[in-house]
Amino acid sequence: MIEMNVLERMKTGLSVWAFSLAVSLVWLGGCQPQEEVQSPDSTDVIAFESLGFESDSFELSSTKESQLKVFETLFIGKDGYRIPGDPGPARLRAFFSDLRESYFRKAEGLDYSIVGKQYHTFTHAMDVMITTHALLRSGGAVYFSKSEQAVLVLAALGHDSMHTGVSNAFLANTKHPYFLEAGPDSLQEKRSVKHVLGLLDKHEMLVVEEGMGEALQDEIIGARNLIEQSILWTDISRHKEQMEKVTALVPQLNDSLTKARGSERQDATKGATAADLLLQMKAHSFLSEESRVLLGSFLLHVADISNPGRDWATCERWAGLVMNEFFSQGDLEKKLGLPVSMNCDRSKVLVPFAQIGFGKFVIRDLYELLSQTLDSGGNYLLSNFENNQRKWQEIEEEVKASGKPYSIRFEPPSKEGGWFGGSQDSE
Ligand SMILES: [Zn+2]
């Protein structure tokens, strides 16, 4: 029998609960010796424009070779993004290899026989990178300079670098050394920023050097700021603040696009589309750097929580992974005699209900706001999301009618995709 009292209690605290679910969504990580990633076979190349919302990130991230192939398509291939200063292929590959390794680290003091880091893996980082690229290619790129586009996609790959597999709140509550080092606010996001910027220094990428032209220096300073801000904004506890800021920015964004379109496309949609990109609309030249950084951060945040806007199979697979990761934190909290964080108790949380609540209180408004700025990208996510909400509702109704609990779909990424393996799956 389904526990109706639990269901009722959950309904009464839904908004707090949904927010807490949201808060638990963005986290960081801990370490294994790195292996050199080899260049893929050049005869088997992925096309830049083929990477999009419907790409299978699990498949593309299943081996080191295929991961590198995606990275090369995005940053080294002839159609790819160009990082300011134009670092060469060897430098980019070495940076990629180091950044990848940071997703395989284990944080000191955490019991990874219990913590199942299944969601915040390198596969998630790859997925967010591909989705950020998809958002730009669906029209978002018109709001950014070429180098900003490149840097945003790079930031996406690094946004959960060093993630531990537990929440910021857990690290704070247990006075983990990372909390003592980074403080209570956005602590894992701050560690990600520090790590990514440190790796850029190590590989002499995006570093201002003597003798550089002033324009390039400014570009590099702007790029580092965009990386820092966009990663810090992935802290879901800042979601509401970001929504307010971007809502206030929408008229400016629409205005910039209207100006860029001139008289040609006055009948077009309010938000940007791939056609605007094709016609090389340069809305970015009508926006301040501050506005572009805010919008870029918004796109990265959308990409980070884009799973509910994918096809149902992908949506359900990621939902299973994130809930399992939360539950493993709950298992650790029980073992340590700590109160179990909201959404982390596998014996009480109903997965379909959690997903419906998260969709209702966080996702719908987010995608609707996106669609005002990005017509096709926003509406793509929104329409899948509405379909997925209906699926979760159907499942919830079945659970209620049958009394049989929903069984979590457990299909972790591959080991090379970042899954540590060995931890429990659903109960
Ligand atoms: Zn993330």
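Predicted model: local features only at pLDDT ≥ 70, side-chain atom pairs only at ≥ 80, totals over all residues.
Residues are numbered from 1 along each chain as its sequence is written, and side-chain values use heavy atoms, with hydrogens and water left out.

Nonpolar cores were defined as sets of buried Ala, Val, Leu, Ile, Met, Phe, Trp, Tyr and Cys residues joined through side-chain atoms within 4.5 Å. Buried denotes under 20% relative accessible area, exposed over 50%, and partly exposed the range in between (1.4 Å probe, protein chains only). The largest core has 87 residues. Tyr-143 and Phe-298 have the most contacts inside it. Helix H6 (residues 122-137) gives the most to this core, with 9 residues. Helices here are DSSP runs (H or I, at least four residues), numbered from the N terminus. A second, separate core holds 21 residues, including Cys-315, Ile-356, Val-399 and Ile-408. Contacts were assigned to heavy atoms within 4.5 Å. Apart from residues up to four places away in sequence, Phe-298 touches Gln-242, Met-243, Val-246, Leu-366, Leu-369 and Leu-370.

Gln-67 lies in helix H4 (residues 64-75). Gln-67 counts as buried because its relative accessibility is 0%. Its side chain reaches the backbone oxygen of Ser-61 at 2.7 Å. Beyond four places in sequence, the contacts of Gln-67 include Phe-96, Arg-100, Phe-122, Met-126, Glu-416 and Gly-417.

Salt bridges were counted where a side-chain nitrogen of Lys or Arg lies within 4 Å of a carboxyl oxygen of Asp or Glu. The count comes to 20. Arg-191 belongs to helix H10 (residues 187-202) and Glu-181 to helix H9 (residues 177-182), 10 residues apart. Arg-191 is buried, at 10% relative accessible area. Glu-181 is partly exposed, at 48%.

Glu-244 pairs with Lys-240, their closest N and O atoms being 3.3 Å apart. Both lie in helix H12 (residues 239-261), 4 residues apart, about one turn of the helix. Lys-240 is exposed, at 56% relative accessible area.

Asp-345 and Lys-334 also meet in a salt bridge (3.0 Å, N to O). Asp-345 sits in the loop between helix H15 (312-335) and helix H16 (351-373), and Lys-334 in helix H15, so the pair ties together parts 11 residues apart in sequence. Asp-345 is buried, at 11%, and Lys-334 partly exposed, at 40%. Finally, Glu-316, Arg-409 and Glu-411 are linked in a salt-bridge network.

Notes. Helix = DSSP H or I, 4+ residues; strand = E, 2+ residues; numbered from the N terminus. Polar contact = N/O pair within 3.5 Å; in protein donor to acceptor, adjacent residues only side chain to side chain.
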